[in-house]
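I opened a new page for this structure today.

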Amino acid sequence: DVTEIEEKEAQAKQEEQIMKEQELSNLLHEKRYLKALGLAISLDRPHTVLMVVKAILKETDGRRHLEENIVRLRKDQKEAILTFLVTWNTNSRNCHEAQAVVEILLKHEAPDSLLQYAGIKSAVESLLPYT
């Protein structure tokens with residue numbers, strides 16, 4: 001009978017998820033945005049990533065801080081945030097944040113580098129009508 005083992009695994013996953021949620025909350029409270037962005041991306045939480053971006057932009061000189069944090073993300077994290085911002089851009093409440101991140105990516109990534117991103121073609125096709 002593997003039911004007990006599966007229940008223990010599910011409980012362990014749930015506990016790990018709660019710990020990550022608490023860590024994310026602490027990072028935001030401490031204004032450690034780079035780690036918060038990385039954790040929210042790894043948890044695959046587009047809305048949480050958006051909240052981190054909004055929190056950074058509310059800071060004094062927020063655009064510069066956002067730029068510093070986005071530039072320091074790994075390529076796979078930038079790809080994930082690109083897929084998230086496609087959705088953000090379709091909503092007028094979130095389009096400014098999406099456009100800020102797009103601007104940073106376009107400014108700091110070479111065109112050849114951007115072309116290597118997974119899903120870049122569909123992202124650009126989705127961004128164009130709303131941009």
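Which are the buried residues of α2? I looked them up in the model, which is a predicted one. I found Y33, A36, L37, G38, L39, A40 and I41. That makes α2 mostly covered, with seven of its 10 residues buried.

Next I checked what covers them. The buried residues of α2 pack against α1, α3, α4 and α5. I also looked at what comes after the helix. D44 follows α2, and its phi is positive, near 55 degrees.

Entry on the whole chain. I counted eight helices and zero strands in the protein chain. Read along the sequence, the pattern is α-α-α-α-α-α-α-α. The C-alpha atoms fill a box of roughly 55 × 35 × 25 Å along the principal axes. Of the 131 residues, 36% count as buried. I then took the contacts between residues at least 6 apart in sequence, and 58% of these join residues at least 24 apart.

I noted 18 positive and 22 negative side chains, with the centres of the two sets 7 Å apart.

Entry on the core. In soluble globular proteins, nonpolar side chains tend to be buried together. Here I looked at the largest nonpolar core, which has 35 residues. The members that touch the most other members are L37, V49, I70, I81, L85, W88 and V101. At least two residues of this core come from each of α1 (3-29), α2 (33-42), α3 (46-58), α4 (62-71), α5 (75-89), α6 (95-108) and α8 (120-127). The largest share, seven residues, is from α5.

Leaving out residues up to four places away in sequence, W88 touches P46, V49, L50, V53, I81, N94, C95, A98 and V101.

Entry on N69. I found this residue in helix α4. Is N69 buried or exposed? N69 counts as buried because its relative accessibility is 11%, and the cut-off for buried is under 20%.

What does the side chain of N69 reach? I noted the backbone oxygen of H65 at 2.8 Å. The side chain of N69 also reaches the backbone nitrogen of L34, at 3.4 Å. Leaving aside neighbours within four places in sequence, I listed Y33, L34, L37 and I56 as the contacts of N69. Of these, Y33 and L37 had already come up among the buried residues of α2.

How values were computed:
Residues numbered from 1 in each chain as written. Predicted model: local features only at pLDDT ≥ 70, side-chain atom pairs only at ≥ 80, totals over all residues. Heavy atoms only, no water. Helix = DSSP H or I, 4+ residues; strand = E, 2+ residues; numbered from the N terminus. Buried < 20%, exposed > 50% of the residue type's maximum accessible area, 1.4 Å probe, protein only. Contact = heavy atoms within 4.5 Å. Lys, Arg positive; Asp, Glu negative; His and termini not counted. Charge placed at Lys NZ, Arg CZ, Asp CG, Glu CD. Core = buried A, V, L, I, M, F, W, Y, C linked by side-chain atoms within 4.5 Å. Polar contact = N/O pair within 3.5 Å; in protein donor to acceptor, adjacent residues only side chain to side chain.
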